[in-house]
Amino acid sequence: MLDINKIREDFPILKRQVNGKPLVYFDNAATSQTPQQVIDVIVDYYSNYNANIHRGVHALSQEATDKYEAARKTIQNHFNAKHAYEIIFTSGTTDSINLIANGFASLLNEKDELIVSALEHHSNIVPWQMLCEKTGATLKVIPMTLEGELDLEAYSNLLSKNTKLVFVNHISNALGTINPIETIIDKAHQVGAAVLIDGAQACPHIKPDVQALDVDFYVTSAHKICGPTGVGMLYGKEEWLKKLPPYQGGGEMIDQVTFEKTTYAGLPHKFEAGTPNICGGIAFGAALDYMNAIGFDNIANYEHELLEYGTRKLLEIEGLKIYGTSKNKTSVISFNLEGIHPYDVGTLLDKMGIAVRTGHHCTQPIMDFYKIPGTVRASFSFYNTKEEIDKLVEGVKKAKLMLS
Ligand SMILES: Cc1ncc(COP(=O)(O)O)c(CN[C@@H](CS)C(=O)O)c1O
């Protein structure tokens with residue numbers, strides 16, 4: 001059982017007032033808030049051992065290197081990766097996906113096919129469209145259903161011996177749907193295709209086991225899981241990371257440089273050119289330690305309570321429609337009020353101190369599917385409360401009165 005009041009004490013920002021009202025932060029799917037334990041690690045780094053890593057001969061550099069590589073091991077253990085060198089630090093989910101898409105440019109041709117899902121974030125669509133433009137490969141799309149789930153029968157029919165890569169999100173940021181990635185991975189492997197799972201929305205709620213999933217690539221951002229922005233990770237199976245060419249050239253990723261020829265470093269540094277976000281990586285590890293101390297089972301159970309409560313209370317409002325009604329979803333509720341633009345609802349809620357996201361949530365294909373301009377999206381985290389949901393419901397009722 002979580003002590004929510006005690007947990008909320010960890011988050012200084014939750015004491016904020018917005019427009020003269022206590023902040024109700026329901027935009028966790030965009031970015032999560034940062035506990036004092038992680039803030040302290042960031043302050044400690046810049047106060048006591050800020051230095052460049054991996055090649056320094058002085059104490060500060062060694063301390064920073066040790067902490068950075070310890071964070072990599074924390075991430076390895078969290079995702080149950082076989083080797084620490086299968087964890088590549090990136091600037092986030094988008095960067096991780098682009099790293100892989102660029103790597104496949106040298107492996108694909110016009111006969112090859114890639115499969116994406118209709119539920120994807122633009123970060124897991126556009127890099128692959130760019131790759132298809134470069135290589136002549138074909139992009140195929142797994143259709144979605146009205147409930148906001150993937151049509152698995154259609155997926156099976158899209159797979160063929162020409163399928164080289166399948167990439168889907170673990171959890172939809174716009175609808176909250178939890179996709180059956182075990183099935184998706186298994187079917188892709190049966191035709192010899194590799195699978196990239198976009199875990200940006202999953203990692204705040206569940207603890208993926210990359211070896212159990214047998215996934216080829218898994219990506220996420222630290223800022224979704226109580227960590228800082230500007231840092232994330234790519235997990236890749238060793239065999240794949242060894243096959244892919246470097247993403248960026250520069251310091252750190254080399255072994256020998258001559259004007260005749262340059263040889264590259266081994267894993268993970270082959271993919272980590274230049275000075276990394278050292279503090280961000282260390283804070284990423286601290287964020288995972290914080291979340292694991294609370295326990296992902298406790299987090300998932302409590303957030304499911306919030307989802308059920310919020311869904312029930314919002315549906316009591318006449319004319320409110322929820323998009324994404326899968327039985328298997330996390331604490332994201334996307335909704336609209338009949339005849340009212342989501343942006344207007346979001347603006348009024350902000351005046352009441354309630355932070356939600358409105359618009360297409362970087363998933364325009366989903367909005368096109370539902371033939372709507374966007375939604376109001378409330379996304380709950382383990383530090384939110386039912387009392388805050390009551391404020392949201394009252395706010396939506398007020399907005400309906402004012403805007404109808
Ligand atoms: C499923 C999914 N995939 C990729 C991204 C991009 O993450 P970055 O850290 O920006 O690289 C996101 C970020 N979604 C935010 C910003 S649009 C949201 O409000 O839903 C995501 O949810």
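Predicted model: local features only at pLDDT ≥ 70, side-chain atom pairs only at ≥ 80, totals over all residues.
**Notebook: a sheet, a helix and a pocket**

I began with an open sheet of four strands, ordered β13-β14-β17-β16 and paired antiparallel. I then looked for its edges: β13 (320–323) and β16 (357–359) are the edge strands, each pairing on one side only.

How many bridges join β16 to β17? I found three, with β17 covering residues 375–379 and the two strands running antiparallel. Within this pairing I noted Gly-359 opposite Thr-375 of β17. As background for my own notes, strands of a sheet pair through backbone hydrogen bonds, either parallel or antiparallel.

Then I asked which strands helix α12 lies across. Helix α12, residues 342–351, lies across β14 (332–337), β16 and β17, and runs at about 45° to β17.

The UniProt record, an unreviewed entry, places "domain: Aminotransferase class V" at residues 24–392. In the model, the end C-alpha atoms of that span lie 8 Å apart, and the span is 39% helix and 18% strand.

Last, I went to the largest pocket. About 300 Å³ of space lies in it. Which residues lie nearest its centre? I listed Ala-29, His-121, Asn-173, Gln-201 and Lys-224, out of 20 lining residues. Sorting the lining of this pocket by class, I got 11 polar, five nonpolar and four charged residues.

Definitions and conventions: Residues numbered from 1 in each chain as written. Heavy atoms only, no water. Pairing = 2+ DSSP bridges. Contact = heavy atoms within 4.5 Å. Axes fitted to C-alpha atoms, helices over the stretch in contact; angles between N-to-C directions. UniProt positions renumbered as here; feature names shortened; annotations may be inferred. 1 Å grid on protein atoms, 1.4 Å probe; cavity = no way out; pocket = protein on both sides within 12 Å on 5 of 7 lines; lining within 4 Å. Points joined across faces, edges and corners; volume = space filled by probe spheres on them. Nonpolar A, V, L, I, M, F, W, Y, C, P; charged D, E, K, R; others polar.
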